[in-house]
Amino acid sequence: MQLFNEYADQAGYYDVCLLIYHSANYRNPTTISGTWSNLIQQTHEEVMTRLDNPEPDMPTPPMPYEAVSSKIQNIARHTSLDSFVFPIQTLLPEVCRYAVAYQQDATIGADPTWPAQLFLSLGVSHDMIVRVLEGIFDTQDYGFSGMVRNRIIEIIAHVVNDWVAEVRRRGGAGKGGSMGPSVGDLLARCEAALPPPGQGNNTGGSDLADVRRVVRTLRREVAGLIERVPTGSLRFLGTVNQLEPVGAS
């Protein structure tokens, strides 16, 4: 780790640090988590500086969240989603927190569910993503308390919606296994946690009425979509209607 101690960390090359961790089989979760946080913040600030001080004849830089996504995708490719250097259970919540804290969401015209879409595009299973998001929903950590909790509910609905669509396409299990009763239970708790109609807000996200509608529809779909039989196979029950994505009108 001499290269890390003497060069990469002091110079602020946080992406290089993560690749060094991977090559050196370094496994300190606190250091790795801190490096990811620094990388996300540094990437955001660098893009904001370029946006605030545009140079003549230079292309317009990407939006900050797009640059952050690109950094994460690049490291994921180089580490093959190494579980120590790419800790989904802490990295996904950190990216969700970043999206809200830095208003990298509908406030700037971005899809508020982009953090989940990013991890899905990397091949992370729906099951894993939902379990991580459920942890945020239950603990209300990473700043997702009060009305901000609605943002996690919206992201959960998006991932489950995508999961349902994949189960339908595959005729059985989606990425990471089949959808169990726990998903329906989570959706029920999400619906119960939403503020009453006409109250509350979902700043930076979709309209709460749309979120509520999709969560309610998903509860019915998940309850009736799959029935487990003793052989462990899956049998579809009835016709599944195409769900509209959250925020569609």
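I began with terms: helices (H or I, at least four residues) and strands (E, at least two) are DSSP runs, numbered from the N terminus. By that count I found ten helices and two strands in the protein. Reading along the sequence, I wrote down the pattern α-α-α-α-α-α-α-α-α-α-β-β.

Before going further, I noted that this is a predicted model, where local features need pLDDT of at least 70 and side-chain atom pairs count only at pLDDT 80 or more, while totals for chains, interfaces and linings use all residues. I also noted that residues are numbered from 1 along each chain as its sequence is written, and that side-chain values use heavy atoms, with hydrogens and water left out.

**Overall numbers**

I looked up burial next, where buried means under 20% relative accessible area, exposed over 50%, and partly exposed in between (1.4 Å probe, protein chains only). Of the 249 residues in the protein, 45% are buried. The accessible surface (Shrake-Rupley method, 1.4 Å probe; for residues, only the protein chains shown count as cover) comes to about 12,300 Å², and 49% of it belongs to carbon and sulfur atoms. For contacts, meaning heavy atoms within 4.5 Å, I took those between residues at least 6 apart in sequence: 66% of them join residues at least 24 apart.

I then followed Leu133: beyond its neighbours within four places in sequence, Leu133 contacts Leu92, Cys96, Ile152, Ile155, Ile156 and Val159. Cys96 is buried at 1% relative accessible area, and Cys190 is buried at 0%.

**The surface**

I found a nonpolar surface patch formed by Leu51, Met63 and Ile108, with about 200 Å² of accessible area together. Leu51 lies in helix α3 (residues 29-52) and counts as partly exposed because its relative accessibility is 30%.

Where does Lys71 lie? I placed Lys71 in helix α4, and at 29% relative accessibility Lys71 is partly exposed. Not counting residues up to four places away in sequence, Lys71 touches Asp15, Leu39 and Thr43. Lys71 and Ile40 are 31 residues apart in sequence, yet 8.4 Å apart in space, C-alpha to C-alpha.

**Two backbone angles**

Most residues other than glycine have a negative phi. Asp57, not a glycine, has a positive phi of about 65°. I located Asp57 in the loop between α3 and α4 (64-79). Is Asp57 buried or exposed? Asp57 is exposed, because its relative accessible area is 81%.

Gln140 also has a positive phi, near 60°. Gln140 is in the loop between α7 (126-139) and α8, and Gln140 counts as partly exposed at 31% relative accessibility.

How values were computed:
Patches are made of residues with over 30% relative accessible area and no salt bridge: like charges are joined within 9 Å, nonpolar side chains (Val, Leu, Ile, Met, Phe, Trp, Tyr) within 5 Å. A salt bridge is a side-chain nitrogen of Lys or Arg within 4 Å of a carboxyl oxygen of Asp or Glu.
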